[in-house]
Amino acid sequence: MTSVIRLSRDGLSAGAMEACSVVPPEAVLSGSATETGAMHYESKNGKFLIGTWECTPYAETLSYPETSEFCLVITGKVALTNPDGTVQTFGPGDSYIVPKGFEGRFEVLETLRKVYVLFND
């Protein structure tokens, strides 16, 4: 693709959100993740992805051994617990980075929609 991809304020490009399943069932600690997503861009080698993801409240153990992620929260609220136990909460307009090697708790507190950028290095 060589054209600019516009994302609307609700985090969508040309298509609608579709049912998806990216949360590993074995990582879920509480709740039930009902997910939808839209892919906006994927590099030819699959190492760079940009999309929008929405999910209902749940909690999981998040482990990123090979991936870094940048997120911009569109709607909802999420809390991430660092390995040292500190908790950071993010809401609409907030952004955060989950670095490669992160292991901690990821909890959707209110149905969350985020634009994400994944880099697999």
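Which residues lie nearest the centre of the largest pocket? In this predicted model, the residues nearest that centre are Val-22, Trp-53, Tyr-64, Glu-69 and Leu-118. The lining of the largest pocket comprises 23 residues, and the pocket itself holds about 420 Å³ of space.

At least two lining residues are supplied by each of S3, S4, strand S5 (58-64), strand S6 (67-81), strand S8 (95-98) and S9. The largest share, six residues, is provided by S5.

The pairing of strands was examined next. Strand S1 (residues 18-20) and strand S3 (residues 35-42) run antiparallel and are joined by three bridges. Within this pairing, Cys-20 has Glu-35 in S3 as its bridge partner. Strand S3 is also joined to strand S4 (residues 48-55), again in an antiparallel arrangement, by seven bridges. Here Ala-38 is found opposite Thr-52 of S4. The hairpin formed by S3 and S4 has five residues between the strands, and Gly-46 in this hairpin adopts a positive phi near 75°.

Aromatic contacts form a further part of the description. A pair of aromatic rings is described by the distance of the centres and the angle of the planes. Four aromatic pairs were counted in the model. One of them consists of Tyr-41 and Phe-48, whose ring centres lie 6.0 Å apart with 65° between the planes; this geometry is edge-to-face. Tyr-41 has a relative accessible area of 33% and is therefore partly exposed. Phe-48, with a relative accessible area of 30%, is likewise partly exposed.

Another pair is formed by Trp-53 and Phe-106, with 6.2 Å from centre to centre and 55° between the planes, an arrangement classed as tilted. This pair links distant parts of the chain, since Trp-53 belongs to strand S4 and Phe-106 to strand S9 (residues 102-120), 53 residues apart. Trp-53 has a relative accessible area of 7%, so it counts as buried, the cut-off being under 20%. Phe-106 is buried as well, because its relative accessibility is 4%. Ring pairs also bring in Tyr-58, so that Trp-53, Tyr-58 and Phe-106 are linked into a cluster.

Notes. Residues numbered from 1 in each chain as written. Predicted model: local features only at pLDDT ≥ 70, side-chain atom pairs only at ≥ 80, totals over all residues. Heavy atoms only, no water. Pairing = 2+ DSSP bridges. Helix = DSSP H or I, 4+ residues; strand = E, 2+ residues; numbered from the N terminus. Phe/Tyr/Trp six-rings, centres within 6.5 Å; stacked < 30°, edge-to-face > 60°. Buried < 20%, exposed > 50% of the residue type's maximum accessible area, 1.4 Å probe, protein only. 1 Å grid on protein atoms, 1.4 Å probe; cavity = no way out; pocket = protein on both sides within 12 Å on 5 of 7 lines; lining within 4 Å. Points joined across faces, edges and corners; volume = space filled by probe spheres on them.
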